[in-house]
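Here is a short report on one protein chain. Look at the sequence and the structure first, then read on.

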Amino acid sequence: MVEKIAPSISRRTVVTAAAWSAPVIAVAAATPAAAASTAGAVDLFADGLQMGSGMTYFNKDLTTRYETADPLGFTLLNNGPEPAPAGSVLVQVRYDNRVFTPTEVTISGSEPIPFSTPVASGDASTFTFTVPQQVEVETDVFGPNALRVITRFDGSFAYPNDVFDDYVEPSWTILSDDDADTSNNIFGPFTSTPYPATPWGLTLETETTSLTSGSCTFDVPTSVTVTSVGPNPTPEAVTGYLRLDTGLVSSVSLTGATHNGNSILSDVVFESSGGAYSFNLGRPLEADDVVVLSFDVEAAENGGVNGDMAQIGVSGFNGQDLNERLTISYFDFDKPVCAP
């Protein structure tokens, strides 16, 4: 059967945006042609979005963990005394091209606006876009005229792309010929916070087969492979869960379990509770350990869809551990297909 992999993993930590920092890069770019205000009559500045997600990556010897923020964007404000005309402000975005690819720019809920083709210089890339709106006088990030500039990217610090000694922190630079003070025109880059680390991780891959119950066809697992990607062992004994639609399944049994090719079936605790199933391997997994679990699933006779979530997942820690690498450690089964 074809292996299927879950598409994404949710971010863990919400952080508030930091204040702007002094410029650290030199930028040379012409602002777009537009109706200009009086030179020096605006004071554009960058502030945080007061929203965003935290991300974790590790240094190359996997002894240090870094906490940083995702490249979500900034708030564009204006100390005045005049508004900046529409089309007179350019924004340049700098980011690490090994991790991220830009996909969309919006401003305060606008439709996506065009941006330039990114230009790479080593591991850093930059792109620019024009702010189509007039930038009104506004000094409060929560004020009615604050412009929330959102830059969206594909990519994350997901294993194995989570190891860097020289990550390029993102930054956003405001460019305008009319600006009276350019010292507050850069949001970022910010220094990642380092912490001692003992990283570990688990990946999960699933083989499936299709069963039929009543008029519905649905996928169930035949085997699951759990791999410890290390470099450290899991903090606790590895546990997992299996959920299937209770209207379509009558029973699930664990028929096999191996650890690095050796049977551990008698050591694994497999239990059912309210239609959900849990398993405990009874041991942590060292780096490069591989566990394979085999299942036998019986379809219910003339069953119907209850709408229960169908998923299997695995964990090496009871709670949240920031040393856990961002891996694919769960699998979502496709929704049942039922004849009318």
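## Buried and exposed

A residue is called buried when its relative accessible area is under 20%, exposed when it is over 50%, and partly exposed in between (1.4 Å probe, protein chains only). By that rule, 45% of the 340 residues in the chain are buried. The accessible surface of the chain is about 15700 Å². Carbon and sulfur atoms hold 50% of that surface. Such areas come from the Shrake-Rupley method with a 1.4 Å probe, and for residues only the protein chains shown count as cover.

Residues are numbered from 1 along each chain as its sequence is written, and side-chain values use heavy atoms, with hydrogens and water left out.

The score pLDDT is the predictor's confidence in each residue, from 0 to 100. Its mean over the chain is 89. A value of 70 or more is reached by 89% of the residues. Residues 1-35 stay under 50. Where pLDDT is low, the predicted coordinates should not be read in detail.

Helices (H or I, at least four residues) and strands (E, at least two) are DSSP runs, numbered from the N terminus. This chain has zero helices and 24 strands.

A contact means heavy atoms within 4.5 Å. Take the contacts in the chain with a separation of 6 or more: 79% of them join residues 24 or more positions apart. Gly48 and Arg148 are 100 residues apart in sequence, yet their C-alpha atoms are 8.9 Å apart. Asp47 and Thr139 are 92 residues apart along the chain, with 9.5 Å between their C-alpha atoms.

Gly48 sits in the loop between strand 2 (44-47) and strand 3 (53-58). Its relative accessibility is 0%, so Gly48 is buried. Asp47 belongs to strand 2. With a relative accessible area of 24%, Asp47 is partly exposed.

## Aromatic rings

Rings of Phe, Tyr and Trp (its six-membered ring) pair if their centres lie within 6.5 Å; planes under 30 degrees apart are stacked, over 60 edge-to-face, and the rest tilted. The count is 19 aromatic pairs. In one of them, Phe100 and Phe153 have ring centres 5.8 Å apart and planes at 65°, so this pair is edge-to-face. Phe100 lies in the loop between strand 6 (89-96) and strand 7 (101-107), while Phe153 lies in strand 10 (residues 147-154), 53 residues apart. Both residues are buried. Phe100 and Phe153 also belong to one aromatic cluster, whose members include Tyr57, Phe127 and Tyr167.

A charge sits over a ring if NZ of Lys or CZ of Arg is within 6 Å of the ring centre and within 35 degrees of the ring normal. The charged end of Arg243 does this over the ring of Tyr241, 4.3 Å from its centre.

## The disulfide

A disulfide is a covalent bond between the sulfur atoms of two cysteines. Here the rule is a pair of cysteine sulfur atoms within 2.5 Å, and the count is one. Cys216 and Cys338 form it, with sulfur atoms 1.9 Å apart. Cys216 is in strand 15 (residues 216-228) and Cys338 in strand 24 (residues 337-338), so the pair ties together parts 122 residues apart in sequence.

Which hand does this disulfide have? The torsion about the S-S bond of Cys216 and Cys338 is about 110°, so the disulfide is right-handed. Cys216 is buried at 3% relative accessibility, whereas Cys338 is partly exposed at 35%.

Technical notes. This is a predicted model: local features need pLDDT of at least 70, side-chain atom pairs count only at pLDDT 80 or more; totals for chains, interfaces and linings use all residues.
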